[in-house]
Amino acid sequence: MTERRLDLGLSSTNAGGCGSDCGCGHASAPAAASAVSAASVAAADTLRVEGMTCDHCVRAVTEELSALDGVEVVDVELHVGGESLVRIASTGAVDEAQLAAAIDEAGYTLAR
């Protein structure tokens, strides 16, 4: 049996991690989905995500995107107070609407 590993590549510029005053709104309602085209994302692409503030945010987005068919690697570069960069690698094209829905489900917004 061959072992298969999935490198989620979690990273954060928030060295303190998530705390009660992080402002990420863990229990808040998901943000409204941004308008996206019917385009597909190539096998490797970088998305910009708004609203992420801590390690909890990184985990939530990573979990939702990793659950999409074909997505093999998710790497988040957290930028507190700005647009975080989310790099995905997949076995093929992933519909941008699916990516936006997954990010929305995590409680954040895909930036235009």
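Val76 has Val86 as its bridge partner in strand E4. Strands pair here if DSSP finds at least two bridges between them. Helices (H or I, at least four residues) and strands (E, at least two) are DSSP runs, numbered from the N terminus.

This is a predicted model, in which local features need pLDDT of at least 70 and side-chain atom pairs count only at pLDDT 80 or more, while totals for chains, interfaces and linings use all residues. Residues are numbered from 1 along each chain as its sequence is written, and side-chain values use heavy atoms, with hydrogens and water left out.

## The sheet

The open sheet has 4 strands in the order E3-E4-E2-E6, with antiparallel pairing. Strands E3 (71-77) and E6 (109-110) stand at the edges. Each has a single partner strand, so one side of each is left without a neighbour in the sheet.

E3 and E4 form a hairpin with 5 residues between the strands. In this hairpin, Gly81 takes a positive phi near 85 degrees.

Strand E2 (residues 44-50) runs antiparallel to strand E4 (residues 83-90), and 7 bridges join them. Thr46 has Arg87 as its bridge partner in E4. Glu50 has Glu83 as its bridge partner in E4. Glu50 also stands opposite Thr109 in E6. The pairing of E2 with E6 is antiparallel and has 2 bridges.

## Salt bridges

What holds charged side chains together across these strands? Side chains of opposite charge can pair when their charged atoms come close. A salt bridge is a side-chain nitrogen of Lys or Arg within 4 Å of a carboxyl oxygen of Asp or Glu. The structure holds 3 salt bridges.

| Pair | N to O distance |
|---|---|
| Arg48 and Glu83 | 2.7 Å |
| Asp75 and Arg87 | 3.2 Å |
| Arg87 and Glu77 | 3.0 Å |

Take the salt bridge of Arg48 and Glu83. Arg48 lies in strand E2 and Glu83 in strand E4, so the pair ties together parts that are 35 residues apart in sequence. Arg48 counts as partly exposed at 33% relative accessibility. Glu83 is partly exposed too, with a relative accessible area of 31%. The cut-offs are under 20% relative accessible area for buried, over 50% for exposed, and in between for partly exposed (1.4 Å probe, protein chains only).

Next comes the salt bridge of Asp75 with Arg87. Asp75 lies in strand E3 and Arg87 in strand E4, so this pair ties together parts that are 12 residues apart in sequence. Asp75 is partly exposed at 21% relative accessibility. Arg87 is partly exposed at 29%.

Arg87 also meets Glu77 in a salt bridge. Arg87 lies in E4 and Glu77 in E3, so the pair ties together parts that are 10 residues apart in sequence. Salt bridges that share partners join Asp75, Glu77 and Arg87 into one network. Glu77 is partly exposed, at 27% relative accessibility.

## The helices

Helix H1 (residues 55-66) lies across E3 and E4. H1 runs at about 160 degrees to E3. For such angles, axes are lines fitted to C-alpha atoms, for helices over the stretch in contact, and angles run from 0 to 180 degrees between N-to-C directions.

Which residues of helix H2 (residues 96-106) are buried? They are Leu99, Ala100, Ala102, Ile103, Asp104 and Ala106. An α-helix has 3.6 residues a turn, so residues three or four places apart point the same way.

At the start of H2, a side-chain oxygen of Asp95 reaches to within 3.0 Å of the backbone nitrogen of Ala97. After H2 comes Gly107, whose phi is positive, near 105 degrees.

## The protein as a whole

The secondary structure comes to 2 helices and 6 strands. Along the sequence, the pattern is β-β-α-β-β-β-α-β. The protein has 112 residues, of which 33% count as buried.

Contact means heavy atoms within 4.5 Å. Of the contacts with a separation of 6 or more, 76% are between residues 24 or more positions apart.

The protein exposes about 6,300 Å², and carbon and sulfur atoms supply 50% of it. Accessible areas come from the Shrake-Rupley method with a 1.4 Å probe; for residues, only the protein chains shown count as cover.

Technical notes: Polar contact = N/O pair within 3.5 Å; in protein donor to acceptor, adjacent residues only side chain to side chain.
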